[in-house]
Amino acid sequence: MELRNKRIDNDTFYKERKEVLASWPTGKDVNFEEAVEFQKSIPEEKIFGRKLAQADAEGRTLIQPRAGVALYTEHIKLLQFLEEEGGADLLPSTVDSYTRLNRYHEAENGIIKSKESGRSMLNGFPIVNYGTKICRTVTSALKNPVQVRHGTPDARLLTEISIAGGFTSYEGGGISYNIPYSKNFSLEKTIMYWQYTDRLVGMYEEAGVSINREPFGPLTGTLIPPCISNAVAVIETLLAAEQGVKDITVGYGQCGNIIQDVAAIRSLRELTNSYLKQYGYDDVRITTVFHQWMGGFPQDEAKAFGVISWGSATAALAKATKVIVKTPHEAMGVPTKEANAAGLRATKQVISMLRDQSLIDIPVVEQESDVIVRETKCILDKVFELGKGDLALGTVAAFEAGVLDIPFAPSRYNAGKVLPARDDNGAVRILDTGNLPFTEDLKAFHRERLEERSRFENRPVSFQMVIDDVYAIGKGFLVGRP
Ligand SMILES: CC[C@H]1O[C@@H](n2cnc3c(N)ncnc32)[C@H](O)[C@@H]1O
């Protein structure tokens, strides 16, 4: 089948579905009609998109951790602890790395070793190996809605089992789970794989079951200019909408300058809604997610709580619909349930104290948001032009041309020419725009902001600033001063 941004027809989909469900033994237990009935039996308060919509309408920010362990009995205890002791409004099931690479044999070994050793030998929850029935045992044991979080280029089977297993939200996208995660995965392939995922979600929607979808906002999580992450979020939203997805949460990873971060969320919401309207998708519900600091974390737990609280404040002041919460064990690895719950409680404390305040309409945020909107439109308009109107083709062509270019991404399909650096206030600016199709005035804006830092630091604008900014995090700073 040729790559096109076109709804997959039923014959093609069912033919592909046969192969997908045959790719691991647990696939044979998936029965669409039966799964629709199971999904319809899930109580209203456990439907992910409903809870998001309610919070968005009330201007509240929900809190959600990441969490996943190998043994499903332990995974249930972990998630119950996070909703009881952590106060999580929304729950995850973070999938292990083997499953993300379709290496289910190794995930199976991980489960066996975890049973033998009594501790999790996987860095997440192996959904495919457990299959529908055990996933339903997990999702039914919880009070709150549960979402599958992962990083899987080919997530077709994972999607089938996740939705049949009672999860009501699913993270990822053909760009956001490829370019920042993989070196050799063809972008054309992953866009098509994720069209399958979104078509399946569309079929559930048509059967009366709403599944929330969430493109992965932060990308590499390192100095990503908001216009680039916003462009990817809008593209993945439009590709999903074409396949019939109706409930989408678009995201962004905290960069550190609070004005820019609030403006990023404001512009993301504005851009996503305007592009959906422009392309005729009038019935898609949009919410936003802010990811707490995705860069390096301090080992010292008190300092880690400082970083967590700073991200919580930004999420609240940006009126993000939900915030993804970090833990004081971030620097060490997979957190204990206690550390995970503590991160949630710290976050909820700050979110609650700031719930009556907002920065989204202050002039400096509006100005920054306008710049991000203009930059993102330059990129998206060129993507459509390169695709001669077809967004999927345009996306592949845009990466080839460097029109879409994600800093520090490992993928060989990524040009890697764009160089970000912080300005004197810590906002992420673009030192080398590579082949980004910016207008001259936008390029001048970035140059001027970096020259301002250059004058303050009495050194030329250079690549050294980029290096210093990357290393600054580990030293507890934002701007890498000389
Ligand atoms: C996107 C990367 C983020 O996911 C987090 N993460 C990955 N696997 C798990 C896990 N199994 N439990 C909790 N957090 C996790 C990791 O700490 C990092 O903050």
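The entries below cover the ground rules, salt bridges, cysteines, backbone angles and a surface patch.

**Ground rules**

I am working with a predicted model, in which local features need pLDDT of at least 70, side-chain atom pairs count only at pLDDT 80 or more, and totals for chains, interfaces and linings use all residues. I number residues from 1 along each chain as its sequence is written, and my side-chain values use heavy atoms, with hydrogens and water left out.

**Salt bridges**

My criterion is a side-chain nitrogen of Lys or Arg within 4 Å of a carboxyl oxygen of Asp or Glu. The structure holds 36 such bridges.

I looked up D89 and found it paired with K348, with 3.0 Å between the closest N and O atoms. The two are 259 residues apart: D89 sits in the loop between helix 4 (72-84) and strand 2 (91-94), and K348 in helix 13 (residues 337-353). For helices (H or I, at least four residues) and strands (E, at least two) I use DSSP runs, numbered from the N terminus. D89 is buried at 13% relative accessibility, while K348 is partly exposed at 29%. My cut-offs there are under 20% relative accessible area for buried, over 50% for exposed, and partly exposed in between, with a 1.4 Å probe and protein chains only.

Next came D198 and R213, whose side chains meet in a salt bridge at 2.5 Å, N to O. That pair links helix 9 (residues 187-206), which holds D198, with strand 5 (residues 212-214), which holds R213, across 15 residues. Are its two ends buried or exposed? D198 counts as buried at 4%, and R213 counts as buried at 3%.

I then checked D423 and R449, a salt bridge of 3.5 Å from N to O. D423 lies in the loop between strand 9 (419-422) and strand 10 (428-432) and R449 in helix 16, so the bridge ties together parts 26 residues apart in sequence. D423 is buried, with a relative accessible area of 0%.

I also noted one network of salt bridges with shared partners, which joins D424, R453, E457, R459, D468, D469 and R481.

**Cysteines**

How many disulfides does the structure hold? I found zero, counting a disulfide as a pair of cysteine sulfur atoms within 2.5 Å. For C227, the nearest cysteine sulfur is that of C378, 8.9 Å away. C227 is buried at 1% relative accessibility, and C135 is buried at 0%.

**Backbone angles**

N102 has a positive phi near 60°. I placed N102 in the loop between helix 5 (97-100) and helix 6 (104-117), where it is partly exposed at 27%. N458 has a positive phi near 55° and lies in the loop between helix 16 (440-457) and helix 17. N458 is exposed, at 71% relative accessible area.

I located Y471 in helix 17 (residues 463-472), and Y471 is exposed at 56%.
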